[in-house]
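Here is a short briefing on the chain shown below.

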Amino acid sequence: MKKNSLAGKRVLILGGLGFIGSNLAIRLVSLGAKVVVVDSMLPRYGGNLLNIEPVKDQIDINFSDITVEDPELKQAGYYWKGAYSTLHPFVTLNYLIHGHL
């Protein structure tokens with residue numbers, strides 16, 4: 001993708017302080033997206049503020065237990081798009097989240 005190809009687009013990353021989420025945040029910022037990272041900082045799940053050090057001043061960070069099931073996300077204009085499956089998104093999420101543990 002070209003630099004600024006996501007200019008002005010809002011992106012919400014749940015679990016954005018972990019390995020995958022933080023690298024996604026860094027890449028999306030480089031493409032011009034306005035990134036909001038939400039993480040609950042649960043022990044043993046890999047969330048670490050150092051993971052987003054390169055873009056810490058360019059993103060918004062929230063500490064919350066919010067999930068993709070939360071109706072407030074849709075009201076705020078964020079919509080879930082499953083990485084592997086939109087037919088069974090919670091099965092996919094469970095696999096993605098716990099598959100590496």
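**Overview**

The chain holds three helices and three strands. Read from the N terminus, its elements follow the order β-α-β-β-α-α. The model is predicted.

**Sheet layout**

- The three strands make an open sheet, ordered S1-S2-S3, with parallel pairing.
- Strand S1 (10–14) and strand S3 (60–63) are the edge strands; each has a single partner strand, so one side of each lacks a neighbour in the sheet.
- From one strand to the next, the twist averages 20°.

**Strand pairing**

- Strands of a sheet pair through backbone hydrogen bonds, in either a parallel or an antiparallel sense.
- S1 and S2 run parallel and are joined by five bridges.
- Val-11 has Val-35 in S2 as its bridge partner.
- S2 spans residues 34–39 and pairs with S3 in the parallel sense, over four bridges.
- Val-36 has Asp-60 in S3 as its bridge partner.

**Helix on the sheet**

- Helix H1, residues 19–30, packs on the sheet.
- H1 touches S1 and S2.
- The direction of H1 makes about 170° with that of S1.

**The two faces of S1**

- In a regular strand, side chains alternate between the two faces of the sheet.
- The covered face of S1 carries Val-11 and Ile-13.
- The uncovered face of S1 carries Arg-10, Leu-12 and Leu-14.

**Burial and contacts**

- The chain has 101 residues, and 28% of them are buried.
- Take the contacts in the chain between residues at least 6 apart in sequence: 63% of these join residues at least 24 apart.

**Surface**

- The chain exposes about 7,300 Å².
- Met-41, Leu-49 and Phe-63 make a nonpolar surface patch of about 280 Å².
- Leu-49, one of the patch residues, lies in the loop between S2 and S3.
- Is Leu-49 buried, partly exposed or exposed? Its relative accessible area is 41%, so Leu-49 counts as partly exposed; the partly exposed class lies between under 20% (buried) and over 50% (exposed).

Definitions and conventions
Residues are numbered from 1 along each chain as its sequence is written. This is a predicted model: local features need pLDDT of at least 70, side-chain atom pairs count only at pLDDT 80 or more; totals for chains, interfaces and linings use all residues. Side-chain values use heavy atoms; hydrogens and water are left out. Two strands pair if DSSP finds at least two bridges between them. Axes are lines fitted to C-alpha atoms, for helices over the stretch in contact, and angles run from 0 to 180 degrees between N-to-C directions. Contact means heavy atoms within 4.5 Å. Buried means under 20% relative accessible area, exposed over 50%, partly exposed in between (1.4 Å probe, protein chains only). Accessible areas come from the Shrake-Rupley method with a 1.4 Å probe; for residues, only the protein chains shown count as cover. Patches are made of residues with over 30% relative accessible area and no salt bridge: like charges are joined within 9 Å, nonpolar side chains (Val, Leu, Ile, Met, Phe, Trp, Tyr) within 5 Å. A salt bridge is a side-chain nitrogen of Lys or Arg within 4 Å of a carboxyl oxygen of Asp or Glu.
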